[in-house]
Structure formats: structure tokens, C-alpha cells
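Work through the exercises below with the sequence and the coordinates open. Each task is followed by its solution in steps.

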Amino acid sequence: MTTLTDRYLAATLRSVPAARRAEIADELRASIADMVDGRAADGVDAVTAEREVLTELGNPAQLAARYSDRRLQLIGPQYYLAWQRLLILLVSSIPAVVGVLVGAIEATVSDNPGGAIGAGFSAAFNVAVQIAFWVTLVFAVLERVGTPLNLPEWTVDQLPDEPVERDVSRTDTCAAIVFLVLTIAFLPWQQFQRVIGDGDRLPILDPALWASWLPVLIAVLVAGIGLEIAKYRAGRWTWPLVGANAMLNLAFAVPASWLLLTDRLLNPDFVARFAWLRDGGVDLVARISVVVTVGITVWDVVDSAVKARRAAR
Amino acid sequence: MASDEILRTHLQELRRGTVVVASLVALQHPDYGYALLQRLTAHGFPVDANTLYPLLRRLEEQGLLTSEWNTEESRPRKFYRTSEAGEQMLRRLLDDLAAVQASLTALIEGAPR
């Protein structure tokens, strides 16, 4: 008959190196019997005593790990920081690049802009998952094998040049990124929305733009997210960031204004649906939008330059 | 209570190395796992069985303990004994323990060094 002790021993010995298995088995069996006897001497019946002893010895996998001097962790303190740094570095850059590339290529070869955005996001997500998996797997293997990483020792020279007084708070960065993401999400949404218009699909922007300007604007918005992240990492506005910000602002404002002023931005069907837009309202909306866009652009560039100058002092 | 939890952790840290010292002392008289566990507990070194048994094997692999199977009684048991290398190591550990105690006493009494 198989006793609880037999099952416990089998479970423990399964993950102990084979060479030492038999001896550990004999010794552990004797120790368990001694412990059971010890409890029986205190008046505990044999069945309860056995259960109590095995419970006290605990999870067999854990006991086996102690016998084989294995540490119960995926990535230990020796490798953790290197793993974390590499993972953040890779996941924060490669998926975004791949996603934008895939999305852009998809947009140029097919007539399905919504599908192209989906393909971009899905590619970025897959790449991120793959990177996380493989990096973690490699480090977990290193941890098991115990390979020395031979990384250079930390020295005081690696300290940041100055204590970073953050001009750019995490909250501001998050808010800016959320706004950009919502703006990007608005573009496919408006294509399929049924909220405005009598329950039919009624794209707000001209669907023809999906083959021309909308992918460009999306790319600019995605680059804007990258800029926010770079700004947060720098902790303040620097002149290269100001330059990049001005470029991105222009890359968005100029096409958007041109489309508005030449009447190519809004969907003609959308305009036709509303009487006040048809009767000259479009021009008014376009003019106001352009003025607001230019105003925001100028203010944003000036603001960034002022902050960069203040931070450089 | 959070402070109980903290106290427990610190006591555990403080006690961790002393189990090795106590085992090396106790095994100057050969003994088997369970009996050693009982002796250590009786002398104020409470230690979990699932910590002590693997520890004895590790000390044996490090050459600090020697072992011998005793098959004379009804149940065959593995008896451990502190080896020559174990004795030397024990002296070093006890010296260090005494040094820690002396340093603490000096620190408490505020005597200048």
C-alpha cells in the first residue's frame, strides 16, 4: 500500500539530482518516521501524526529545492537590474518602430486604413510580447547556469551630471500621451461612427484621405508620443527636443490647415447632411479651426523654447 | 501587527547563521537528524525540520560534517559528526561570534575604541 509518506518522498525526490536520490530517500524516510514516532509518544494517533509531520515539512518542491541548493526565483538579484534595463530599452523602442512600419506599409498596399492601423498595433503588441518572453527566457537560463555577465562594475562616474530637477512631471507626460492616443483613436472611430447622422455610418473626415494624408498625420501623432517619452526621460526641455517638437508641430499643423482651407478635410457626405454646414458653415468652421491650430502650434513651440532656455540656465 | 512582523523578520535574520554554529557544536557528539533537531530546540535553537535536514547535507558536502549509517537499531539512521575541517571552521565562527558580542558590549557602554 502506498502511504502518504511514500507519496511525499516520491514528490520530493522527483526534482532532486538522481545521483543523490537514494540516499536522501533513506535519510528522509527515517527522519519522517522519527518525527512521527516523536508525535505518537505525545499521544497523537499515527494517521494524524503523519499528516502533521508532512505538513510541517511543507511543499515537496520547496524541500527538494533546498536539498539541491536551488533558488526559487526566475531572475535573481545578480541579473535583475541588467534584465530590467535591457527589457525597458527594447520594449520602449522596437515595438513602436515595427508597429509604425507595418502600419505604414499596410496602408500603402491596401485600401483598408482601419485594417492598417489594426495591423500596426497588433504587430507592435506581438513584437513586445516576443521581446519580453525571449529576454526573460535568456536571463532565466543565465540564472540557472550561473554564467557571469562580466558587466563593468558600477562607478561614481556613471552618476547623472546633475541632480535632475524635473521640469516634466510624470502626470503631465501621461496626460499628453493619453491625449495623443485618444486623438489617434479618434481617426478610425470617426470613419465607422454612427453617433452623428441618423444611425448610418457617416465618416466625418473625407475617407479618400486614408490613402494620402491621414497615415501621415497618424505617424506624426505617434512620433509625438515618442517625443513625450524622450522629454520625460530627459526630465526637461532641451534644444534638440524643442527642434523635434517644432518639426512635429509643423508636420501636423501645415497639412491640417491646408486640408481645412482647401475644403478637403471633411467628408462631403457629412457636410451635405447638415444644412448649416452646407450653407457656408464649412468655411467658418475651417477658418476658426485653422486659427486655433496655428495659435496652439505657435504657443506650444514658444512655450517649449522658453522652458528649454530656463532649464539651460 | 506590522511591528510583530518586522520583529520576526529581524530575529530570523539574526538567528540565521547561528543554526550552523549550533549544529557544528552539537555534532561534536555524533547524532542523526531528528535527535539533533530535538537537542537544538531544547537548547533554545528552534529550527524547522525542512531547514535542518537539507542544511546537514550541505555541510556534509562542504566537508564540515562526516556521516555514517548506523544499522544496528531497528531503523537505519544516518549519523553526522563534525569533521576536522568542521572543528577549524567552528573555532573561527565562535571567535567571530565573540568578537561581535564584544563589539556590541563596547558600543553599548560607549567605550572609545
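The expected span of a helix is 1.5 Å times one less than its number of residues. The model used in these exercises is predicted.

**Exercise 1.** Check the length of helix H3 (46-57) of chain A against its residue count.

Solution. Start from the 12 residues of H3(A), which at 1.5 Å a residue should span 16 Å. Next, take the end C-alpha atoms, which are 17 Å apart. The two values agree.

**Exercise 2.** Find which residues of H3(A) are buried, and decide how they are placed around the axis.

Solution. A residue counts as buried if 20 or more other C-beta atoms lie within 10 Å of its own. In H3(A), A:Glu50, A:Val53 and A:Leu57 are the buried residues. The arc they cover around the axis is only 70 degrees, so they sit on the same side of H3(A). An α-helix has 3.6 residues a turn, so residues three or four places apart point the same way. Now turn to the face directed away from the buried side of H3(A): the exposed residues there are A:Val47, A:Thr48 and A:Thr55. Finally, look at the cover over the buried residues of H3(A), which includes H1, H2 and H4 of chain A as well as H4 of chain B. Just after the helix, A:Gly58 has a positive phi of about 85 degrees.

**Exercise 3.** Describe the side of chain A that touches chain B.

Solution. Count the residues in the contact: 16 come from chain A and 12 from chain B. On the chain A side, the elements giving two or more residues are helix H2 (18-41), H3 (46-57) and helix H4 (60-67). H2(A) gives the most, nine residues. By type, this side of chain A has seven nonpolar, three polar and six charged residues.

**Exercise 4.** Locate the largest nonpolar core and state which elements supply it.

Solution. The largest nonpolar core has 26 residues, and A:Met35 and B:Leu65 have the most contacts inside it. At least two residues each come from helix H1 (4-13), H2, H3 and H4 of chain A, and from helix H3 (33-42) and helix H4 (49-61) of chain B. H2(A) supplies the largest share of this core, five residues. For A:Met35, leave aside neighbours within four places in sequence; the contacts are then A:Val53, B:Tyr34 and B:Ala49. Another core, of 10 residues, lies apart from the largest one, and among its members are A:Leu205, A:Trp210, A:Leu259 and A:Leu260.

Conventions:
Residues numbered from 1 in each chain as written. Chains lettered and ligands numbered in written order. Predicted model: local features only at pLDDT ≥ 70, side-chain atom pairs only at ≥ 80, totals over all residues. Contact = placed C-beta atoms within 7 Å. Helix = DSSP H or I, 4+ residues; strand = E, 2+ residues; numbered from the N terminus. Nonpolar A, V, L, I, M, F, W, Y, C, P; charged D, E, K, R; others polar. Core = buried A, V, L, I, M, F, W, Y, C linked by C-beta atoms within 7 Å. Buried ≥ 20, exposed ≤ 12 C-beta atoms within 10 Å, placed from the backbone. Arc of directions from axis to C-beta.
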